[in-house]
Amino acid sequence: MAQPRVVTIHYTLTNDQGEQLDSSRVEGREPLSYVEGAQNIIGGLESALNDKNAGDQAKVTVEPGEGYGEVNEELIQPVPRSAFEGVDTIEPGMQFQAQTPGGPQVVRVVEVGDETVTIDANHPLAGQTLHFDVEVVETRDATDEEQEHGHVH
């Protein structure tokens, strides 16, 4: 089996409407580095970059199943407004960390009613086709420690 690589990329992420959602190419941001095979980035992007080397550029379209998944309607649910005790203002778009049996979960407020607040625990990019414009800046063999820990040092 080949030695896993650390791949460093600059990227711009847009949605189907061409709106920029994220970019490493803005002032003050560093390129993104990840260890291949460690699930540091979404699968669809990683698999498209597996054979790329420094200097390569790629335009990659990632469907929801290879990105953040489809929207799971079961993760959108009303909760009693009392669950937000101590929060004076609750508005759509706000994010909170909820304690669940599986551990902490980030939820987004989608609707606020008199008695209930509808929350969405899906990833904000779930259900979206993602478009990446990528430049591979550098590749190198991952160190033993990086392989063991699953992230870049």
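Gln 39 lies in the loop that runs between strand E3 (32-35) and helix H1 (43-49). The model is predicted. Gln 39 has a positive phi of about 60 degrees, although it is not a glycine. Most residues other than glycine have a negative phi. With a relative accessible area of 73%, Gln 39 is exposed.

**Overall fold and dimensions**

- Two helices and nine strands make up the secondary structure elements of the chain.
- Their order along the sequence is β-β-β-α-β-β-β-β-β-β-α.
- The radius of gyration of the chain is 19 Å, whereas a compact globule of 153 residues would have one near 15 Å.
- The C-alpha trace spans about 55 × 35 × 30 Å along the principal axes of the chain.
- Of the contacts between residues at least 6 apart in sequence, 62% join residues at least 24 apart.

**Surface and charge**

- Buried residues account for 31% of the 153 residues of the chain.
- The accessible surface of the chain is about 9500 Å², and carbon and sulfur atoms contribute 45% of this surface.
- The chain carries 8 positive and 29 negative side chains.
- The centres of the positive set and the negative set lie 7 Å apart.

**The aromatic pair**

- The structure holds one aromatic pair, formed by Phe 84 and Phe 96.
- The geometry of the pair is edge-to-face, with 5.0 Å centre to centre and 70 degrees between the planes.
- Because Phe 84 lies in the loop between strand E5 (76-80) and strand E6 (95-100), while Phe 96 is in strand E6, the pair ties together parts that are 12 residues apart in sequence.
- Phe 84 is buried, at a relative accessible area of 9%.

**Ile 76 and Thr 118**

- Ile 76 is found in strand E5, and Thr 118 has its place in strand E8 (residues 116-120).
- Ile 76 counts as partly exposed, at 29% relative accessibility.
- Thr 118 has 18% relative accessibility, which is under 20%, so Thr 118 counts as buried.
- Leaving out residues up to four places away in sequence, Ile 76 touches Val 71, Thr 118, Ile 119, Asp 120 and Asn 122.
- With the sequence neighbours up to four places away again left out, Thr 118 touches Ile 76, Gln 77, Pro 78, Arg 108, Val 109, Val 110 and Glu 111.
- Ile 76 and Ala 121 are 45 residues apart in sequence, and their C-alpha atoms are 6.4 Å apart in space.

**Arg 140 and Val 152**

- Arg 140 lies in strand E9 (residues 130-141), and Val 152 is placed in the segment after helix H2 (144-149).
- Arg 140 is partly exposed, with a relative accessible area of 30%.
- Val 152 also counts as partly exposed, at 27% relative accessibility.
- Not counting residues up to four places away in sequence, Arg 140 touches Pro 4, Arg 5, Val 6, Glu 146, Val 152 and His 153.
- Val 152 is in contact with Val 6, Ser 33, Tyr 34, Val 35, Arg 140 and Glu 146, leaving aside its neighbours within four places in sequence.
- Between Arg 140 and Val 6 the separation is 134 residues in sequence and 5.3 Å in space, C-alpha to C-alpha.
- Val 152 and Gln 105 are 47 residues apart along the chain, and 25 Å separates their C-alpha atoms.

Key: Residues numbered from 1 in each chain as written. Predicted model: local features only at pLDDT ≥ 70, side-chain atom pairs only at ≥ 80, totals over all residues. Heavy atoms only, no water. Phe/Tyr/Trp six-rings, centres within 6.5 Å; stacked < 30°, edge-to-face > 60°. Helix = DSSP H or I, 4+ residues; strand = E, 2+ residues; numbered from the N terminus. Buried < 20%, exposed > 50% of the residue type's maximum accessible area, 1.4 Å probe, protein only. Rg over C-alpha atoms; globule rule 2.2 N^0.38 Å. Contact = heavy atoms within 4.5 Å. Areas by Shrake-Rupley, 256 points an atom, 1.4 Å probe, with all protein chains shown as cover. Lys, Arg positive; Asp, Glu negative; His and termini not counted. Charge placed at Lys NZ, Arg CZ, Asp CG, Glu CD.
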